[in-house]
Amino acid sequence: MGIKSFQGARKQQNATTPTSLKVKDYMTTNLITFRPDQSVQEVVESLIKYKISGGPVVNEKQELVGIISEGDCLKQLSESRYYNMPLEHDNVEKRMAINVETIDGNLDVFDAANKFLQSKRRRFPIVENGKLVGQISQKDILKAALQLKGENWNSSTKRGS
């Protein structure tokens, strides 16, 4: 004789899946941006003042033309000291990274996390209709993950099984 369950009839459980978390819901839209003609010294001052590690470079139409980072500024600083050249004579356009990888604002934050891991980048700009609309950082992805604390992260993959 088997053991009987005394719990009574169980309610049908609906697998509730969390709504998809999109990059655009967690991206920063109030950005510190830089101009190509700005001096590297001004960038360094802004990085320190705003406690950021880099930022997008945009033209007068708010189109993304590059990214400048602490590393780019350090490289310029090192070279200027080595060659005994004044820091203020170098501009952002000469130091910025121009092959900027962007991501879609509609991308799921977990797909964005994978993209961060694969690319070793600290930030990705988001461009819509040719204009810079925001930026997502690794910290933004971590904030999104914290909001899911206690949720079943794999529930969306189990739906179709």
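This is a predicted model: local features need pLDDT of at least 70, side-chain atom pairs count only at pLDDT 80 or more; totals for chains, interfaces and linings use all residues.
Residues are numbered from 1 along each chain as its sequence is written, and side-chain values use heavy atoms, with hydrogens and water left out.

The protein has six helices and four strands, taken as DSSP runs numbered from the N terminus (helices: H or I, at least four residues; strands: E, at least two). Along the sequence they follow the pattern α-β-β-α-α-α-β-β-α-α. Of the 161 residues, 35% count as buried; here buried means under 20% relative accessible area, exposed over 50%, and partly exposed in between, with a 1.4 Å probe and protein chains only. The accessible surface comes to about 11500 Å², and 49% of this belongs to carbon and sulfur atoms; such areas come from the Shrake-Rupley method with a 1.4 Å probe, and for residues only the protein chains shown count as cover. Among contacts (heavy atoms within 4.5 Å) between residues at least 6 apart in sequence, 60% join residues at least 24 apart.

As background, an α-helix has 3.6 residues a turn, so residues three or four places apart point the same way. At the N-terminal end, D108 caps α4, with a side-chain oxygen 2.9 Å from the backbone nitrogen of F110. After α4 comes K120, whose phi is positive, near 65 degrees.

D140, I141, A144 and A145 are buried in α5. Seen down the axis, these buried residues fall within an arc of 140 degrees, so they line one face of the helix. On the other side of α5, K139, L142 and L146 are exposed. The buried residues of α5 are covered by elements including α4 (109-119) and β4 (131-137).

Attention now turns to the nonpolar cores, each a set of buried Ala, Val, Leu, Ile, Met, Phe, Trp, Tyr and Cys residues joined through side-chain atoms within 4.5 Å. The largest has 14 residues, and I103 and I136 have the most contacts inside it. Two or more residues each come from α4, β3 and α5, with α4 giving the most, three residues. I103 touches V23, A112, K115, F124, P125, I126, V127 and I136, not counting residues up to four places away in sequence. Apart from this core lies another, of nine residues, including F34, V43, V57 and V92.

Finally, N91 lies in the loop between α2 (70-82) and α3 (92-95). N91 and V40 are 51 residues apart in sequence and 5.2 Å apart in space, C-alpha to C-alpha. Leaving aside residues up to four places away in sequence, N91 touches P36, D37, Q38, S39 and V40.

How values were computed: The arc is that of the directions from the helix axis to the C-beta atoms. A polar contact is a pair of N or O atoms within 3.5 Å; within protein, one must be able to donate a hydrogen and the other to accept it, and residues adjacent in sequence count only if both atoms are side-chain atoms.
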